[in-house]
Amino acid sequence: MDNRQKILNLVGLATKAGKTASGEFSTEKAVKTGKASLVIVSEEASDNTKKMFTNMCTYYKVPICCFGGKDELGHSMGKQMRASLAVTDEGLAKAVMRQMNMIGGSEYESK
């Protein structure tokens with residue numbers, strides 16, 4: 001199993017555990033209320049969406065990375081397409097970030 005799949009599996013696991021918030025509104029709320037440990041924005045998200053979350057996450061000191069297609073992210077959560085999601089569990093967020101670092105293409109900023 002490749003690292004991309006491992007990341008999607010971890011997102012699925014986090015979702016089953018009730019440790020994710022997805023969709024623009026919920027993701028934004030998780031960041032602003034200090035619940036988000038990691039934000040993932042789809043590579044297919046609009047530039048505005050990427051910029052908004054990058055600025056927000058920088059301000060609130062939440063790690064953020066661009067990863068996956070909207071279908072991929074949504075599917076891993078058992079939902080429709082998702083352009084953004086927040087992982088609200090510190091341990092799961094760290095596990096995702098470890099995998100992100102292995103694939104190397106992430107815009108991941110540490111707290």
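**View 1. Elements covering the buried face of helix α1 in the predicted model.** The buried residues of α1 are covered by elements that include β1 (20–22), β2 (38–41), α4 (70–76), β4 (84–87) and α5 (90–103). Covering here rests on contact, defined as heavy atoms within 4.5 Å. Asn3, Ile7, Leu8, Leu10, Val11, Gly12, Ala14 and Thr15 are the buried residues of α1; buried means under 20% relative accessible area, exposed over 50%, and partly exposed in between (1.4 Å probe, protein chains only). Helices (H or I, at least four residues) and strands (E, at least two) are DSSP runs, numbered from the N terminus. The model is predicted, with pLDDT of at least 70 needed for local features and 80 or more for side-chain atom pairs, whereas totals for chains, interfaces and linings use all residues. Residues are numbered from 1 along each chain as its sequence is written, and side-chain values use heavy atoms, with hydrogens and water left out.

View 2. With 14 residues, α1 reaches 20 Å from its first C-alpha to its last, close to the 20 Å expected at 1.5 Å a residue; the expected span is 1.5 Å times one less than the number of residues. Gly18, with a positive phi near 75°, follows α1. Gln5 belongs to this helix, which comprises residues 3–16, and counts as partly exposed because its relative accessibility is 35%. The C-alpha atoms of Gln5 and Ser76 lie 9.3 Å apart in space, although the two residues are 71 apart in sequence.

**View 3. Packing of α1 against α5.** The axes of α1 and α5 come within 9 Å and cross at roughly 165°; axes are lines fitted to C-alpha atoms, for helices over the stretch in contact, and angles run from 0 to 180 degrees between N-to-C directions. The two helices, α1 and α5, are therefore roughly antiparallel (angles under 35 degrees count as roughly parallel, over 145 as roughly antiparallel, 65 to 115 as roughly perpendicular and the rest as oblique). From α1, Asn3, Arg4, Lys6, Ile7, Leu10, Leu13 and Ala14 make the contact, and from α5, Leu92, Ala95, Val96, Gln99, Met100, Met102 and Ile103. These residues comprise 10 nonpolar, 2 polar and 2 charged; Ala, Val, Leu, Ile, Met, Phe, Trp, Tyr, Cys and Pro count as nonpolar, Asp, Glu, Lys and Arg as charged, and the others, Gly among them, as polar.

**View 4. Buried residues of α5.** Leu92, Ala93, Ala95, Val96, Met97, Gln99 and Met100 are buried in α5. Their cover includes α1, β2, β3 and β4.

**View 5. Packing of α2 against α3.** Helix α2 (residues 24–32) packs with α3 at an angle of about 15°, the axes being 10 Å apart. The helices α2 and α3 are therefore roughly parallel. Glu24, Thr27, Glu28, Val31 and Lys32 of α2 meet Thr49, Met52, Phe53, Met56, Cys57 and Tyr60 of α3. The residues of this contact divide into 6 nonpolar, 2 polar and 3 charged.

View 6. Ser84 is found in β4 and counts as buried because its relative accessible area is 2%. Residues up to four places away in sequence aside, Ser84 touches Ser22, Gly23, Glu24, Thr27, Ile40, Val41 and Phe53.

**View 7. Lys61 in the loop between α3 and β3.** Lys61 lies between α3 (47–60) and β3 (64–66) and counts as exposed because its relative accessibility is 59%. The phi of Lys61 is positive, near 55°, in a residue other than glycine. Most residues other than glycine have a negative phi.
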